[in-house]
Every structure is written in structure tokens, then in C-alpha cells.
Amino acid sequence: MGDFTVGSYLATRFEQIGLKHYFVVPGDYNLILLDELLAHEDIEQVGCCNELNAAYAAEGYARVNGCGAVVTTFNVGAFSALNGVAGAYAERLPVILVSSGPNTNDAAAGHLLHHTIGTHDFSYQYEMFRHVTCAAVRVLHADDAPSMIDHAIGTALRERKPAYIEIACNLSDAPCPAPGPFEAPRWSGGSRALDAAVERAAALIGRAKRPLLLAGVHLRSFGAVGAFRELAEALGCAVAVMPDAKSLFPEDHPQYIGIYWGGVSTPGCEPIVDWADLIVAAGPMFTDYTTVGWTALPPRERLIDAQPGRVRFPDAECTGVALADFLSTVGGKVSPNAATLEQYRRETGGPDGEAAPTPSAGPDSALTRAELWRQVERELDAKTTLLVETGDSWFNGMYTRLPGGARFEIEMQWGSIGWAVPASFGYAMGLEPRRRLISVIGDGSFQLTAQEVANIIRHGREMLILLVNNRGYVVESEIHDGPYNYIKNWDYAGLVAAWNAEDGHGLGLVAATAGELASAVERARGHRGGPVLVECRIEHDDCSRQLLEWGSKVAEANARPPHQG
Ligand code: TPU
């Protein structure tokens, strides 16, 4: 058997799939497992304040690293992580949730156990996670560990979804066969299906007078960002980007025409998408949010909808087709047709013809949303990631122009407030050197998971957190106001001092005027050894026009009466 245990087998797989960090909260069921993992010094164990945060951190880490992992104790830990794991499913990110489970003798002995709901059945946690993972395994015998662990991890990497691995607590250090090499399985389809899909797509594109490309969120998860660009450049048409796919096609590319988000699209984009006679959408998620309450759903008769694993045409569907293969092969078969791009340029006067730059505010003027975002945009360069939390930050971030190379992170499918602080922590742990993270987070969202800033401080991550203090849940106020949308104010900048305690190097600042924000951002740029949090104070009703418009359309869709008959 050699020296391998179930725990060290798992650790080896973690290393082999490219993890350098994994996120944990200890509990008596998983302590031996954590020891086994700790023995592998090439992967770092990163403690979090709670399991919800640990799962979000692993999700954020997966965004930059390709996959992530979180280790919890039974029930009380894993259940807190459930929200973050489901979010990773929604966002198509392979996060491996490892939970320890009861001692293998306890089920047969008929024992009742702590941290459970007090029944003799211990399988309900596994049953619950089965719904939010693409593979779920319970290791109840050490002999099963290699195949079960490999099945769960391999499926997660292929499907770009989370997996669940439960390991009985008395098996973590049980002997186990040594792991062999691990090759991450890649989604690949059959060549006949690919040929058929490509032929059909090339013919439709060839016949179209006004083809247009639409970038969707799944491009990144399925490694198709480069293939999409190849197709775009071969076709030479206008390229619009869905809101949840922002930054997956460079905004400084000459073919980029903006964010397509129905009535809240960036200027000049929507009329061109509507004018196109064929939309080739690559990896889109058409939901009530991305289609603005179903008002911006491209009609099927003008749509090629290329998804991971299938391509849907107006009158046919080809299954078993890998997205990246499809896009790059179609790219090799099409002739240039720039009709939609030319029309966009005619209508807008060129790629920069749209928005006039926001004038800067005088240094003593009260801070406004517009001034805040003007300063955010000025801070972005090719090495920055802009991460935005659910709330008005979504909208303001969406209309912020990204330089080429800049990245954008948004959790639009799951949209769980509280995501941004721990996801920023995980993201920062995985970020390549010399790249910078700027996270913009509303006060309401911040209050859910704020304590994870302490671990950003602990690990000395030099990120900038812009906390938008508009005194409450503005996004909700604009959809439907009520007393429940107003929250207790906090001294946000003061919290940083509390989290620093005796050894931290975080910096907390307050900006109530344009000048104070400018000097805070300047200080942040030079600050070393920890994060800078700037509490940006703006009026409660200072929100984006697009939030109002989008909110009313989504609310209308929510309010449709039950269908009769
Ligand atoms: O920009 P702003 O003021 O809307 O942002 P803030 O202050 O972060 O408020 C967010 C308000 C919000 C809520 C309460 N956005 N969505 N929700 C609903 C919600 C509740 N619970 C979770 C876990 N996720 C949600 N999206």
C-alpha cells in the first residue's frame, strides 16, 4: 500500500488538479482529515471565519484558478456551505466540497450523534448535496476512496460544476492505494456531431445578411474565450456581450459594440442586436435577469444558441458538440461580413461615439455615485480585476469601460448578497502576482459576511474594497420600498482597526467628498501588506437609471398572474 491514506490521496489529487490553496473550517469530525491534508506542503490550508464564507472563497478562487475546494465538518459546517456550493453550480465553477462524516461503526451500532438532527439516518446531507453538485460520493470504506474521489473530481472538472465528497471520519488516515497520474477530463463531443453542427452553422451564417455574435457567460468555464474571438475575427461582424459575460470579449476590440441587456444595454448596442438577422450566441444564459424580465430574449428563428454540449438552430439541434471546438471550426469556414459592425459605427459615430465622459466633481462636493464610478474607471488598467457585488454595483460596474486585459467578476446567476467579501478573499488568494483586485460592495451585502476581511488582512492581500454606504438595500428600495430595506449603520472603516487587532496591516478610510475619495484611492495605491477599505458615503436614492428600468421590468415579470387553463 505504501504510505498513502485516504486523506493524502485526496491531497495529491488536489495538487494534481492545480490547487495551491483550499478553504477550511475545522470541527471534530474533520480534524484528522485536516492533518492529513496539512502534511502536503505544496497546498496551503486557508482557514475562514465560517463555512458559508469558505464556500464563497472557494468559488472566488475557482474563478481565477479554474477550480477550488472547501473542507467542512458534518452537518453544522456543510449546511452553512450549501449556499456557496449551489452558487458555484449556478455559476459553473468546479468547487469540491469535502465533508467529513460519522464514524463507519455508528450507523450499524444505532448510535445517535452530535451535529446531526438526532436521527439514525446519516445520509440526508449527501442527499441534499446531490441536488447542487454534479457528482456526490460517500466514502464508507477506504477501498472505495480512489475511484470515488476520482469520479467526483473528474466529473466536476468536466462539467464545470461542484462535486461532493464525504469521508467517514475514521477513514481519513486509513491506508489507501497510491494515486496514479490524473488527467482532467475535458468535455469533447463526437466528430460527426461536430461536423453536422459546423456545416449547418456555416450555411446559416453564409446566407445571413446581418450576422452578429453574442458572447455568453459559459465561454470562460468551457475554455472557449479564445475560440470565440477567432470566430469573431474571421467573421468581422459586430460583437455584443451579455451582462454576465462582461470582459470575456475585450472592450477595446474594434468589433466590440457593447453590453446587450435589452433596454439597459450600453448605448447603441440594442438597436444593432435587434437589426441583426442572425445572432450567434456562444454560451449564453437567457434568464429573467439577463433578458430584463424576458424583454430581450433573441427570437429562436434568428438564433444559433451554442451551448457547452449542444448547438440549437432555428429548426434543429445537434447534441454532443464541444463549445470551443464548434466555435473555432466554424471560424475556419465563414467569410467576412461586417454589415452589423458598419451599421453600429454609422449609428454611433464609432466605437467611442457613445457616452460622453462623466465630468469630474470639485474636491469639496459631496460624493455621488457618478463621481465614485468615474474614479473607479480611472483606477482600472490591463492588470485589474473589477469585482462587483449584487446591488447597484452590478449596474454601475456594467457601464464602466474596461481596458483590454482587465477582468470583471459578477455573480449574476446566483446573485447571493454576501458573496463578494469572501469571494474576493478567495480570488485574491489565487490571483497571479502583479495583478490587482478592486471590489465594489454595497453596505447591505457587506453586513452578511464582513468578518472575512479579517482573513484578507491575515494573509496580507493588497486589494481595494470600495464599500458603498448608501444606507440600505437600495436595489430592493427601487423595486419595492418598505422599512425592511433600511439597515443599522456601521462604522465600516473603524472595523478594519478591530480586525487588524495586534498584527494586521489593513487600512480603513472614509470618503464623503470627491476629494476624500481621490486621496483615499491614492493612498490605497501605495499601501502595502494588507487591504484598504474605503467607506464611500452616498445618498440613499443616488442609484443608476438602469437599475430603475431593469428593476421595474424584472418586477413585472415576477408579478405575472398565474396562468389560467
Ligand atoms: O446597491 P445596494 O444598496 O442595493 O446594495 P446593498 O447595500 O448591498 O444591498 C443589497 C440588497 C439586496 C437584497 C436584500 N439585493 N438583493 N437582496 C435579496 C437577497 C437576500 N439574501 C440573499 C442571500 N441574496 C439576495 N440577493
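Which residue does a polar contact of 2.9 Å join to arginine 63 through their side chains? In this predicted model, in which residues are numbered from 1 along each chain as its sequence is written, local features are reported only at pLDDT of at least 70 and side-chain atom pairs only at pLDDT 80 or more, whereas totals for chains, interfaces and linings use all residues. Side-chain values rest on heavy atoms, with hydrogens and water left out.

The partner of arginine 63 is glutamate 409, the two side chains being joined by a polar contact of 2.9 Å; a polar contact is a pair of N or O atoms within 3.5 Å, of which, within protein, one must be able to donate a hydrogen and the other to accept it, and residues adjacent in sequence count only if both atoms are side-chain atoms. The pair also meets in a salt bridge (2.9 Å, N to O), a term that requires a side-chain nitrogen of Lys or Arg within 4 Å of a carboxyl oxygen of Asp or Glu. Arginine 63 is placed in helix 3 (residues 51–65), where helices (H or I, at least four residues) and strands (E, at least two) are DSSP runs numbered from the N terminus. Arginine 63 counts as buried because its relative accessibility is 8%; buried means under 20% relative accessible area, exposed over 50%, and partly exposed in between, with a 1.4 Å probe and protein chains only. Apart from neighbours within four places in sequence, the residues in contact with arginine 63 (heavy atoms within 4.5 Å) are Glu91, Leu93, Arg220, Glu409, Ile410, Glu411, Trp419 and Tyr427.

The chain is divided into domain 1 (6–171), domain 2 (191–348) and domain 3 (369–552), with bounds that come from an automatic or database domain assignment. The C-alpha centres of domain 1 and domain 3 lie 30 Å apart, and the contact takes 22 residues from domain 1 and 25 residues from domain 3. Between them, domain 1 and domain 3 bury about 1,800 Å², 60% of it on carbon and sulfur atoms; buried area is here the accessible area (1.4 Å probe) that two parts lose on being put together, summed over both. Of the area that domain 1 buries against domain 3, 30% is supplied by Tyr56, Arg63 and Val64, more than by any other three residues. The rule finds 1 salt bridge across the interface of domain 1 and domain 3, together with 12 residue pairs in polar contact, both residues at pLDDT 80 or more. On the side of domain 1 that touches domain 3, at least two residues each come from strand 1 (21–24), strand 2 (44–47), helix 3 and helix 4 (76–90), and helix 3 supplies the largest share, 9 residues.

The largest nonpolar core has 87 residues, and those with the most contacts inside it are Leu10, Phe23, Ile165 and Phe446; a nonpolar core is a set of buried Ala, Val, Leu, Ile, Met, Phe, Trp, Tyr and Cys residues joined through side-chain atoms within 4.5 Å. Helix 3 gives the most to this core, with 9 residues. Since domain 1 (6–171) and domain 3 (369–552) both give residues to this core, it lies between them. A second, separate core of 80 residues includes Phe249, Val388, Leu466 and Ala520. Phenylalanine 446, when neighbours within four places in sequence are left aside, is in contact with residues including Val421, Ile441, Trp490, Trp499 and Leu533.

Helix 1 (residues 6–16) is mostly covered, with 9 of its 11 residues buried. These buried residues pack against strand 1, helix 2 (31–38), strand 3 (68–72), strand 4, helix 7 (145–159) and strand 6 (163–168). Glycine 18, whose phi is positive, near 95°, follows helix 1.

Arginine 92, in the loop between helix 4 and strand 4 (95–101), has a positive phi of about 55° although it is not a glycine, and arginine 92 counts as buried because its relative accessibility is 16%. Tryptophan 294, found in the loop between strand 10 (278–282) and strand 11 (303–307), has a positive phi of about 70°, and tryptophan 294 counts as partly exposed because its relative accessibility is 39%.
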